[in-house]
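Please look through the sequence and the model below before reading on.

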Amino acid sequence: MKQFATLVIASTTILFGVTIPVVQAQAQTPAYRLIERDMAANNRIQVQITPGRATPISFTQTDEAIAYILVADPSRLVYTTDTDLKSGRATTIFLRAIQPLKFPGATTTAITNLLVQTIDKTGQKRLYNFDIVPKRRNTEYVGIQIANALVVPLQGSKLRIADAPEDVAVPLRGSKLKLRAASPIGFGTARRRGAASESSAIAGQQTLLIDKNRRARVDDIETGLRIAINRGYTNKSDPVVPKVQQVLSLLRNSRVTIPEAATSVGVPVEVISELGRIALNDRLLRLGQQR
């Protein structure tokens, strides 16, 4: 039985429609890591930079303009904006790594932080705290996009939301993905239930309740994705794959729950749950074979 994901959703018109473009380098890399605005403002978000490349942090998907920027340790990092801050219209910051400089009396650190204060059309200010993480090679994404609440799907997929408790077969670019609505609960309900099942929001240590007695870890989700690809439940070209990889990156780099990470990237938490179930079931099967 090749079922990759179980989607339990019955709500009024919810449409998944944001696309995450990919760029062609040595391998397909998600172009932007999408982070929901409130999540970004309430957490320290890691931003990877690499020598010779510019990394954008964009607020173009919100109604915010950048009002102030502070780099705690400017000895290894420079930035520019898409327009002068004094204009009140700057929405994107471009970060570039530089050769280390020495400033008399200044302190340095391997991972510095970037503080960004924004102001929206109502006059509300928000302060974002980004940890700048140097990488020697290509980063996992080309930039960060801060966005309003994300309810959107995957580029090229034929994913649809089931609004009735019935089986719906949905192909994702050649995969045998099946979405099964098992009970009439809304997306918001599913998310709250998933959030309540979290036992930890420590980066990399989050868990998700899979069934009554089992919890999946971040590593289990990654293992489930690998098994799903290896067994042909889906394939690497499915747009869901880089999205799940973005969820994994967010979980390992931020103190967010699994449902929050999934929602911010635009992946139904039920897909993440199914990947965890695949890994846990595989582990039980292998243990049984060893006896």
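With 53% relative accessibility, Arg 44 counts as exposed, whereas Asp 131, at 10%, counts as buried (buried means under 20% relative accessible area, exposed over 50% and partly exposed in between, with a 1.4 Å probe and protein chains only). These two residues form a salt bridge whose closest N and O atoms are 2.9 Å apart, a salt bridge being a side-chain nitrogen of Lys or Arg within 4 Å of a carboxyl oxygen of Asp or Glu. The pair links distant parts of the chain, since Asp 131 belongs to strand S10 and Arg 44 to strand S4 (residues 44–49), 87 residues apart. Helices (H or I, at least four residues) and strands (E, at least two) are DSSP runs numbered from the N terminus.

This is a predicted model, in which local features need pLDDT of at least 70 and side-chain atom pairs count only at pLDDT 80 or more, while totals for chains, interfaces and linings use all residues. Residues are numbered from 1 along each chain as its sequence is written, and side-chain values use heavy atoms, with hydrogens and water left out.

## A network of charged residues

The whole structure holds 11 salt bridges. One of them joins the side chains of Arg 37 and Glu 64 at 3.7 Å, N to O, and Glu 64 counts as buried at 2% relative accessibility, as does Arg 37 at 15%. Through shared partners, salt bridges join Arg 37, Asp 63, Glu 64, Asp 120 and Arg 126 into one network.

Within this group, Asp 120 is placed in the loop between strand S9 (112–119) and strand S10 (125–134), and its 10% relative accessibility counts as buried. The side chain of Asp 120 makes a polar contact with the side chain of Arg 126 at 3.2 Å (a pair of N or O atoms within 3.5 Å; within protein, one must be able to donate a hydrogen and the other to accept it, and residues adjacent in sequence count only if both atoms are side-chain atoms).

## An open sheet

Five strands form an open sheet of mixed pairing, in the order S3-S11-S5-S8-S7, where two strands pair if DSSP finds at least two bridges between them. Strand S3 (32–36) and strand S7 (77–81) stand at the edges with a single partner strand each, so one side of each is left without a neighbour in the sheet. Strands S5 (residues 54–61) and S11 (residues 143–147) run parallel and are joined by three bridges, and Ile 57 stands opposite Ile 144 in S11.
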